[in-house]
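Visitor: Could you show me how to read the features of a structure, one after another? I would like the general idea before each case.

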Amino acid sequence: MKKLEERIFKFLMIGSTALILSLLLYILYIILMKGLPSLSWEMISQIPSGGFYLGKEGGILNAIMGSLYLIFFSVLISLCISVPVVMYLNFTLRRKSKLAAIARLTFDVLFGIPSIVYGAFGFTVMIYFGLQASLFGGIIAITLLIIPVMIRSIDEVAILIPNELIEATKSLGATNYETIKVVTRQLLPGISTAVLLSIGRGIGDAATVLFTAGYTDSIPSSLLQPTASLPLAIFFQLSSPIEEVQNRAYSAALVLTIIILILSFSARYFSRRLSKNKI
Amino acid sequence: MLKGRLRKDRIARHYMLTVTILSMFVLVLIGVGLLVKSLPIIQEKGLWTLVSTSNWRPFKGDFGFASYIVSTLYVTGIAISIALPLSLLTSIYIIEYASPKILRAFSSVVDLLSGIPPVIYGVWGTLTIVPFISETLAPHFVEFSTGYSALAGGVVLAIMIIPLIISILMEVFGAVPKEMREASMSLGATKWQTVKKVVVRKSIPGIVAAVVLAISRAFGETIAVLMVCGNFTDLPKSIFDACYPLPALIANNYGEMMSVPKYESALMFAAFLLFFIIVVFNVISRIVLIQIDKRYQL
């Protein structure tokens, strides 16, 4: 009887593990099979021309470039905020500090806030300052979204740095700032993984950019112009009744998935290679 | 020389403190911002009327959120009831039974799944789940369903929250000290009895925390749900009916809200509602998880 129960549950456990694994493969398979037929060089190298949304020529270069602009600037800004925050929490404050504990809780909560709320909030702020949907608005919203991702992910590595390293540097007469410069080297794998993670989170999110960045057929040439983005290109084209346009949504989905997979694998690669510097 | 170094140190310290406080302040700012924006509608209608009536006619000034709230609960409920058993079984297997090699391989599967953007899940859902429901599943139960339904939303959401639940559960189960397992086995318990009576029982707070976190994630998920749910303003009668969760409402109506009085305030109220519930849920479950971490570290 005891054995039977264990056997049933073991069967169920292996079954559900296999199910989750096959779900991943199934999702990738469907996206690949649907996206591949209409994926072409034209698709990713041209901006939409007249009649694009009726199934005529053009590509999604506007969305690809838009997404790249958005994510590049957002990551840059969030790095300037996240790295100092992690440094402060780990190397300036004491390990058992109250402020650090509250800060970590706050970032955990911020991490859990859905992107639609960031989008709605970003939009309200933009209205307050009289801004239209623009590249700038999108950058702000995505920055807010990825700061907690970045902080949490760098913090995970920073917390593992041995206290002795910090004490050794300080005992040699280094100031706090100089200690941080030394420790940064140890943090590089964490930072690069965090950057890749937040690119993945930011580039794939539609709800934040829906109101803040808008949508347009051209590549933006200034911060105040609206910009297209990949997730929205997929979302809008899929809702079209015309088949060619829908097919384009599938291949745009494939492009986005490939970007995400590359990011995910390089995150793994980087964190393994750079961790050789670890002590 | 020393003066210069100290000045640099002071500047760095001030900068770090400022950005830390500022980025923590974002949480307060979002809450206050959304609340201020939603105050006009709360004052006009009263909180209870807003959440308990289901009349939604923005052009006439009727804003009842009940059907959106019910839809959100519906979809979330379906998602949790699918995701929780699967995640529990899987994470117990991975932590207690599987070899370290499988553990490592499976962590990458979880990472990959959690990295896939919502919009891709949405595309996948419209291609697979929606036709499956309308052609295969629904005809057995109801006369007609387009497939764009609460069930489709629930299934897609389930798949999206599974990686979140599993990664927390793996940590929670891993935090149970090895000695406890050994003590149980040395008293003659089988492996399964140990898992059931020691590991799972010890982990109940952690499991609850994981579920609460997953619920709050499911509440806020927008695009994927929006793509498969049908978005029809009415109280859903069965899981095969279209539904319209709160985040989808916000996302769909942002374009037109500027022209209608009070519409913006109503949508901001929806956003504030989401924000408030999610913050409360997150704070509770994070504190539980931190306690678990502390208890076993000492």
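Visitor: Where does helix α8(A) bend, and by about how much?

Guide: The bend at a residue is the angle between axes fitted to the seven residues ending there and the seven starting there. In this predicted model, where local features need pLDDT of at least 70, side-chain atom pairs count only at pLDDT 80 or more, and totals for chains, interfaces and linings use all residues, α8(A) bends by about 55° at Leu187(A), with a proline, Pro189(A), following within four residues. Residues are numbered from 1 along each chain as its sequence is written, while chains are lettered from A and ligands numbered from 1 in the order in which they are written.

Visitor: How far apart are the end C-alpha atoms of helix α8 of chain A?

Guide: The expected span of a helix is 1.5 Å times one less than its number of residues. Helix α8 of chain A (residues 176-203) has 28 residues, and a straight helix would reach 40 Å, but the end C-alpha atoms are only 35 Å apart.

Visitor: How many helices and strands are there in chain A?

Guide: Helices (H or I, at least four residues) and strands (E, at least two) are DSSP runs, numbered from the N terminus. Chain A has eleven helices and zero strands, and its C-alpha trace spans about 70 × 70 × 35 Å along the principal axes.

Visitor: At what angle do the axes of α3 and α6 of chain A cross?

Guide: Two packed helices are described by the angle between their axes and the distance between the axes. Here axes are lines fitted to C-alpha atoms, for helices over the stretch in contact, and angles run from 0 to 180 degrees between N-to-C directions. The axes of α3 (residues 61-92) and α6 (residues 135-158) of chain A cross at roughly 40° and come within 7 Å.

Visitor: How many residues does the contact take from chain B and from chain A?

Guide: Two residues are in contact if their C-beta atoms, placed from the backbone, lie within 7 Å. The contact takes 65 residues from chain B and 62 residues from chain A. On the side of chain B that touches chain A, the largest share, 19 residues, comes from α1(B). By class, that side of chain B has 44 nonpolar, twelve polar and nine charged residues, where Ala, Val, Leu, Ile, Met, Phe, Trp, Tyr, Cys and Pro count as nonpolar, Asp, Glu, Lys and Arg as charged, and the others, Gly among them, as polar.
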